[in-house]
Amino acid sequence: MNSRTLHKISYGMYVISSVKEGKFNGQIANTVFQITSEPATIAISINKQNLTHEYISASKIFAAAVLSENTPLKFIGKFGFKSGREIDKFEDTEFKTEKTGTPIVTENAVAYLEAEIINSLDAGTHTVFLGRVVGAEILNDEKPMTYAYYHQVKNGSAPKTAPTYIKREKEKIIEEKKSGASKKYVCMVCGYIYDPDKGDPDDNIPPGTPFDKLPEDWTCPVCGAGKDEFEKLNTVIIGISKDSPKSHVKFIDKHNLSILILSDEEHKVLETYGVWGKKKNYGREYFGIVRSTFIIDPDGKIRKEWKKVRVAGHVDAVLDTLKKLIEESP
């Protein structure tokens, strides 16, 4: 099963907050959805390990603030990767209280809803709380942030307690750009990926800044970890086919690819690796490439190979194997 299919489900980015014995807490959540319109009800999914779960269970109330696309990663990091057991998340956060008394985050929010719990469902690691909406307001006309935008544009990641957390978030990634090596580094604490091509606009790091040129006091914009908590994966991705170099250039430009593709028109390399062979399609036999993937170590030794590759789930399988091989290396 390709677990990343779950990323195709539409989600948003919210701050879910509640109160217990006069103390406030909140967390990032991506699972908030409307159930009915009359009466208006919404549901949220909260990990049982989170302090916010404890507060909601005790007070039977919660608020959901809808975050805008302009929300800084540091703000998301405070509510998504910091624990209310260790810090007061509302100490320097703009918020207000209304009908239920629960804190409503207004900073970086486009709208909010308040709800009273009317039912709940035990979902194993999470509880799905069903709430009757008792208050709701639109704060501005900014665009709400989707979960896809958070991942693809913000380079954000999901904490382990998120319902959408997938292990591959913490894989180390590197890509070779056509203009030269553009190494990505991953935070081993939260999974945030620093991409030199994008920089870190929230901290005034312009696009094109290599990781080793970042200020020494620069920290992960999501969780605050230092540069020493980032790692890179020195792996080069190379594609080979029998198509001409001219054809490759057109293909790379068309799909905006960032990997190296080599031409083997006489299929000498393909034959050496045993991936040029007889194929059959609708009763017709012909010679062609057997789609395959190889992991080759620095000494030129093949450490793993996949033949007759199917795309679904293959990227995850390769990355998982790479990580294991690197962890096993001396």
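User: How many bridges join β4 to β9, and in which direction do the two strands run?

Analyst: Some conventions come first: this is a predicted model, in which local features need pLDDT of at least 70, side-chain atom pairs count only at pLDDT 80 or more, and totals for chains, interfaces and linings use all residues. Residues are numbered from 1 along each chain as its sequence is written, and side-chain values use heavy atoms, with hydrogens and water left out. Strands (E, at least two residues) and helices (H or I, at least four) are DSSP runs numbered from the N terminus, and two strands pair if DSSP finds at least two bridges between them. Here 7 bridges join β4 to β9, and the two run antiparallel. The bridge partner of I42 in β9 is G131.

User: Which strands make up the sheet, and in what order?

Analyst: The open sheet has 7 strands, ordered β2-β1-β5-β8-β9-β4-β3, with antiparallel pairing. β2 (23-29) and β3 (32-37) are at the edges with a single partner strand each, so one side of each has no neighbour in the sheet. From one strand to the next, the twist averages 35 degrees; angles run from 0 to 180 degrees between N-to-C directions, with axes fitted as lines to C-alpha atoms, for helices over the stretch in contact.

User: What joins β8 to β9?

Analyst: Strands β8 (residues 109-123) and β9 (residues 126-138) are antiparallel and joined by 12 bridges. A115 faces V133 in β9, and S120 stands opposite F129. The two strands form a hairpin with 2 residues between them, and G124 in the turn has a positive phi of about 85 degrees.

User: Which strands does helix α1 touch, and which of its residues are buried?

Analyst: Contact means heavy atoms within 4.5 Å. Helix α1 (residues 51-59) packs on the sheet and touches β1, β2, β4, β5, β8 and β9, its direction making about 55 degrees with that of β1. Buried means under 20% relative accessible area, exposed over 50%, and partly exposed in between (1.4 Å probe, protein chains only). By that criterion, L51, T52, H53, Y55 and I56 are the buried residues of α1. Just after the helix, K60 takes a positive phi of about 65 degrees.

User: Where does helix α2 lie?

Analyst: Helix α2 (residues 73-81) lies across β1, β2 and β5, running at about 110 degrees to β2.

User: Where is Y273, and is it buried or partly exposed?

Analyst: Y273 lies in the loop between α5 (268-272) and β17 (276-281). Its relative accessible area is 31%, which makes Y273 partly exposed.
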